[in-house]
Amino acid sequence: MSSTPAYVTITGPQPTVFIVSFSVAASAAAGTVIQGSISAFGANQPAQSAITVPSTEVWSIVDLYTLSTVSPDAQVQLYVNGYLQNIQPTLNSVYINNYSKWKLTQVFKLPPTATWSISIVLLAANGTTAQTYTLYMSAVRAPFIPQSR
Amino acid sequence: MVEPYFTTETGAKGFLIEAASGGLATLTGIYLWSRIMGPAQQLLSRFLGRYSGPVTAVILALIMLYIARSLDGWFGKFVDVASLAMIGASIAKVFGIDPPGEVAMTPSKTPAFVSPWSTLEPIPLG
């Protein structure tokens, strides 16, 4: 019997939440683009400005939400492999307590090895105090199984 | 009066040789045929569907027949009858008659269920 050191890896769909924070500088002008800092691999891994999906996994974004409204509002921009995706809600439209919250109609798939990042564009000038916005992304990490045929 | 096929012997001895040879050849043909059906079904069902077994058997039988016709003597005739038995059995198979001893076809590989989370298939959200 050979003893193999355990390498723990994903074995099935695993729900998770990615936390994206945006540092809004004091007196930031309208139209300022702020790159998000994404915590995708849990609190013990440093947040990164861009995340690469492991080659053995496929990620599915299920929902985007914020836990508080923000002012000034900002538009969310999701980039995958450098391409702007057609998911551009504003932060206040995904506020979790909205009666009619912005929703994804289907899951947004992040394929294996895709590198993605999130930016916001301020829709108005910020006040004199710096702020931090937080966007939450419900996602499902799953082992990637290529479809034959 | 039936013409003797396997032998020129006449009488009871001739009849016995005819019956034994003919029966053995037929059984050999059906035995070979039953061995072919399962693997052929497995290998070729993708291209030929449920007729892959019979079609393969008939093709092999025709090749055997061709070889048999070029052979002289008892063995050639034996192979000849065996291949005819294979063709006959294949025709019977197409009409749904399963001869005895057919190798059971192992179930073709059904694709295992793959969770849509693991693929790039879109998943609608309610």
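Start by selecting residues 52–70 of chain B in this predicted model. This is helix α2(B), with 19 residues that reach 28 Å from the first C-alpha to the last, close to the 27 Å expected at 1.5 Å a residue.

Keep α2(B) selected and show its side chains. Which residues of α2(B) are buried? They are B:Ser52, B:Gly53, B:Pro54, B:Thr56, B:Ala57, B:Val58 and B:Ala61.

Zoom out to the whole of chain B. You will find three helices and zero strands, following the pattern α-α-α along the sequence. Of the 126 residues in chain B, 23% are buried. Among contacts in chain B with a separation of 6 or more, 57% are between residues 24 or more positions apart.

Next, bring chain A into view and look at where the two chains meet. Here 17 residues of chain A are in contact with ten residues of chain B. To see the chain A side, colour β5 (57–65) and β10 (131–143), the elements that each give two or more residues to it. By class, that side has eleven nonpolar, four polar and two charged residues.

Stay in chain A and select strand β6, residues 74–80. Its antiparallel partner β9, residues 115–122, is joined to β6(A) by seven bridges; look for A:Val80 opposite A:Trp116. Strand β7, residues 83–84, also runs antiparallel to β6(A), with two bridges between them. One pair to click on is A:Tyr79 and its bridge partner A:Leu84. β6(A) and β7(A) form a hairpin with two residues between them, and A:Asn81 in the turn has a positive phi of about 55°.

The last stops are backbone details in the loops. As a reminder, most residues other than glycine have a negative phi, and most peptide bonds are trans.

- Select A:Ser71 and A:Pro72: the peptide bond between them is cis, with omega near 0°. A:Pro72 sits in the loop between β5 and β6 of chain A.
- Select A:Ser27, in the loop between β1 (14–24) and β2 (33–35) of chain A. Its phi is positive, about 60°, although A:Ser27 is not a glycine. A:Ser27 counts as exposed because it has 12 C-beta neighbours inside 10 Å.
- Select A:Thr113, in the loop between β8 (108–110) and β9 of chain A. A:Thr113 is not a glycine either, yet has a positive phi of about 70°. With 13 C-beta neighbours inside 10 Å, A:Thr113 counts as partly exposed.

Note on methods:
Residues are numbered from 1 along each chain as its sequence is written. Chains are lettered from A and ligands numbered from 1 in the order in which they are written. This is a predicted model: local features need pLDDT of at least 70, side-chain atom pairs count only at pLDDT 80 or more; totals for chains, interfaces and linings use all residues. Two residues are in contact if their C-beta atoms, placed from the backbone, lie within 7 Å. Helices (H or I, at least four residues) and strands (E, at least two) are DSSP runs, numbered from the N terminus. Ala, Val, Leu, Ile, Met, Phe, Trp, Tyr, Cys and Pro count as nonpolar, Asp, Glu, Lys and Arg as charged, and the others, Gly among them, as polar. Two strands pair if DSSP finds at least two bridges between them. A residue is buried if 20 or more other C-beta atoms lie within 10 Å of its own, exposed if 12 or fewer, and partly exposed in between; C-beta atoms are placed from the backbone. The expected span of a helix is 1.5 Å times one less than its number of residues.
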